[in-house]
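We will go from stop to stop, with something to select at each one.

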Amino acid sequence: MELKNYYRNSFVLTIFIRTALILLLISAISFHGQSQSVRQIQNPYEHVDWTKYKQYKANLNAHTLVSNGWMNPQSVVEEYKKSGYHILAITDRHIVTYPWNEFSRFKTSDLSFSRIYHIVPKPFEDHSIPLQDTVFKGVDPLKAEMVAIQGSALLHEKHGVNSYFNDLDNSEGNVLDATAAKKGLAVLNHPGLEKFSVGWYVNLLKQYQHLKGIEIFNSNGRYPRLLRTWDSIQTAMASARPVWGFSNDDFYSKRDLGKNWNVFPLSRLNEKEVRVAMEKGAFYLVHAPQGVKGPQPPAIKSIQVDRKKGTIRIESTGQDSVVWISGGIKMGEGEVFSLKDLPAKSKYVRAEIHGAGNSFVCTQPFFVK
């Protein structure tokens, strides 16, 4: 009898222990699934209402006759307005050509006058700068239906820096410290012109929080390897913060117009909204190497992150393919990406949307914490 009770009690205890273990395993799997999806996707577009926000084209790097460009300021604004842009930063070297309605108080640079005197043809054009172009006229941004972003092109350790939303106009001293003191934002422009290591970029980006990112596209794809450098920087910066990518014409003449731009989905078109989007990375990049006369590049209609399922879905138009990249390696293809396809060591993923004429769109990185 005692032996029967012993076996019966042992059987009950065994069933109890097994049930408890199964419940514990189910709980652990459920928690692991939630920790992998719910808590880990950082979405820079989280606050964008894709159904209501309008999308605006922006070039944040343009030069005029005030420094080393080939056109006067009002003509630069007019060319971008005609090309469908609503956001423009004139970033003349070592001078802040701003505000737009006071263009008339700025002077033509010595370099520009030298080009006029020596009848130097404009790039890819059959005529030089007309003398009458040295007469500058103010432009009202409101009438032009454009947002004028205050800015200038400076140097930090021989690397180009665009300083925005402040009146810094020289490279004496540390321009990044000076930009921070003036509560501005900064972007490293045309990287690759000088030889800097990934470690150099990472150290600088970790030191300066207001240094929001780097130009990934500049001029006519002048430094295409920067996409991979960007990936290396993202991987190294994963534990610190995202590094946003920017796409700019680096405009000097009509030769450069409309090959690279940023798209800002905004609730309202104003300077404050543009700045917030630059800080949060709530914009995407377009590279169209054939320019404004080339085929229409892809456009993003919406980006949706499902944290419970651990997926990112992109709806776009004009695409031939959607590719997902992490660490410079293709991780997936198609409009939906699942975290299940991202190796544990990978800390972010970004999308490239390819279209006609070798054009493509890049999203900002989605970090996985």
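A quick definition before the first click: a residue is called buried when its relative accessible area is under 20%, exposed when it is over 50%, and partly exposed in between, using a 1.4 Å probe and protein chains only. What you have open is a predicted model, in which local features need pLDDT of at least 70 and side-chain atom pairs count only at pLDDT 80 or more, while totals for chains, interfaces and linings use all residues. Residues are numbered from 1 along each chain as its sequence is written, and side-chain values use heavy atoms, with hydrogens and water left out.

**Stop 1: the whole chain**

Show the chain as a cartoon and you will find 8 helices and 19 strands. The chain has 369 residues, and 53% of them count as buried.

Now colour by pLDDT, the predictor's confidence in each residue on a scale from 0 to 100. The mean for the chain is 90, and 88% of the residues reach 70 or more. Select residues 1-7, where pLDDT is below 50 and the model has 0 contacts (heavy atoms within 4.5 Å) beyond near neighbours in sequence. Then try residues 33-39: pLDDT stays under 50 here too, but this stretch has 12 contacts beyond four places in sequence. Where pLDDT is low, the predicted coordinates should not be read in detail.

**Stop 2: an open sheet**

Select strands E5 to E9. They make an open sheet of 5 strands in the order E5-E6-E7-E8-E9, with mixed pairing. Two strands pair if DSSP finds at least two bridges between them. Strand E5 (151-156) and strand E9 (244-248) are the edges; each has a single partner strand, so one side of each is left without a neighbour in the sheet. From one strand to the next, the twist averages 35°.

Zoom in on E6 and E7, an antiparallel pair with 4 bridges. Tyr-164 has Leu-185, in E7, as its bridge partner.

**Stop 3: salt bridges**

How many salt bridges does a search of the whole structure find? There are 14, each a side-chain nitrogen of Lys or Arg within 4 Å of a carboxyl oxygen of Asp or Glu.

Select Arg-307 and Glu-46, whose closest N and O atoms are 3.5 Å apart in a salt bridge. Arg-307 is in the loop between strands E12 and E13, and Glu-46 in the loop between E1 and E2, so the pair ties together parts that are 261 residues apart in sequence. Arg-307 is partly exposed at 26% relative accessibility, and Glu-46 is partly exposed at 44%.

Move on to Asp-167 and Lys-182, a salt bridge with its closest N and O atoms 2.9 Å apart. This pair ties together parts 15 residues apart in sequence, because Asp-167 lies in the loop between E6 and helix H5, and Lys-182 in the loop between H5 and E7.

Finish with Arg-268 and Glu-273, joined by a salt bridge of 3.3 Å, N to O. Arg-268 is exposed at 51% relative accessible area, whereas Glu-273 is buried at 18%.

Methods. Helix = DSSP H or I, 4+ residues; strand = E, 2+ residues; numbered from the N terminus. Axes fitted to C-alpha atoms, helices over the stretch in contact; angles between N-to-C directions.
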